[in-house]
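Please read this note with the model open beside it.

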Amino acid sequence: VRFNYIGYSEAIGKDKLLDMMGDGSKSFDLNTALEGVRIMAGWSLPIDVGINLNMPYGFSFGIVARNLNGNYHMAIHDYKSLQDDPFGNNGVERFTLGSDFSLDTGIAWQWDNVWFRPTIAIDIVDWVGMCTEPVGFRTFLTHLNIGAEIRLLSFLDLRAGISQGYLSIGAGLDLWAIKVDMAYYWKEFGETAGDYGLDGFTVRFNIGFDK
C-alpha cells in the first residue's frame, strides 16, 4: 500500500514565464508569480497484491495485481487554495482521474553454485491491457520482458534482456556495503513495439546492505 500525490499546472506561456522571473529589481515572490495559474492536484492510495511460489530445481512462479484502488481524486486549484486545501476537500471543481490496474505474471529459474549463479526470468506485464489491444505479435512483445543474469565470484553481475522488443545490457558490482549498477536500454514510447524507441543509460550507487 502506498500514497501518491500528483500536481501539474496549466501551460505557462513565454510572456508569463518572463514576468515570473522578473527583471531583478525586486525579490521573487512565488505567490505573486503564480497568481491566476490553475493547478490540478490530487491523491491516490493504490494497493499491490502478489504471491510467489518457490518450486523444486530452482524454479519460481509469481503473480501480482498492481494498482488496485489506484484512481486519483483530483481538484482544480489556484496557488493559494492549493496551499490552504491540498486535498481539495472544500473545492467545487473535483473529478476522478482513472488509473487502470494490471495483472502481471512471471517465472524464473536460478542455479546456485560456488563459482557463478545464473538466473533467467520471463514476465508477462499487464495481461488486462494486452487483452484489450489488437491481437498480434507486436502487441505481445510490448508486454514481454525477458532477463538473464550471471553472478561471477559473488561480486560481479552481468545482465542482458529484452523489454518491449528491445535489447538491454547491464552490469553490477557488489563490494560489501557499496553496490554499483549500470544499464543501457531502450524504452518504447509509441503505441506498439518498434514505433518510437528511445535509449537511455543509467548508473545507480547504493550504500548499505540490501540482501
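1. Basis. This is a predicted model, in which local features need pLDDT of at least 70 and side-chain atom pairs count only at pLDDT 80 or more, while totals for chains, interfaces and linings use all residues. Residues are numbered from 1 along each chain as its sequence is written, and side-chain values use heavy atoms, with hydrogens and water left out.

2. From β10 to β12. β10 and β11 run antiparallel and are joined by 8 bridges. β11 pairs with β12, again antiparallel, over 7 bridges. Follow Ile169 here. Ala160 stands opposite Ile169 in β11, and Ile169 stands opposite Tyr184 in β12.

3. Two hairpins. The hairpin of β10 and β11 has 2 residues between the strands. Gln164 takes a positive phi near 55° in that hairpin. The hairpin of β11 and β12 also has 2 residues between the strands. There, Trp176 has a positive phi near 60°.

4. The 4-strand sheet. This open sheet has 4 strands in the order β1-β2-β5-β6, with antiparallel pairing. β1 (4–9) and β6 (94–97) are its edge strands, each pairing on one side only. Neighbouring strands are turned by 25° against each other on average, direction ignored.

5. β1 and β2 (residues 39–44) pair in the antiparallel sense over 6 bridges, and Ile6 stands opposite Gly42 in β2. Between β2 and β5 (residues 72–77) there are 5 bridges, again antiparallel. Trp43 has His73 in β5 as its bridge partner. β5 and β6 pair antiparallel over 4 bridges. On that side, the bridge partner of His73 is Thr96 in β6.

6. The largest pocket. How much space lies in the largest pocket? About 620 Å³. A pocket is an open set of points on a 1 Å grid over the protein atoms alone, where a 1.4 Å probe fits and protein lies on both sides within 12 Å along at least five of seven lines. Points are joined across faces, edges and corners, and the volume is the space filled by probe spheres set on them.

7. Its lining. The largest pocket is lined by 24 residues, each with an atom within 4 Å of a point. Closest to the centre are Gly147, Arg159, Ala160, Ser168 and Ala183. Elements giving two or more residues are β9 (144–152), β10 (156–163), β11 (166–175), β12 (178–188) and β13 (197–207). β12 gives the largest share, 7 residues. The lining divides into 9 nonpolar, 9 polar and 6 charged residues. Here Ala, Val, Leu, Ile, Met, Phe, Trp, Tyr, Cys and Pro count as nonpolar, Asp, Glu, Lys and Arg as charged, and the others, Gly among them, as polar.

Notes: Pairing = 2+ DSSP bridges. Axes fitted to C-alpha atoms, helices over the stretch in contact; angles between N-to-C directions.
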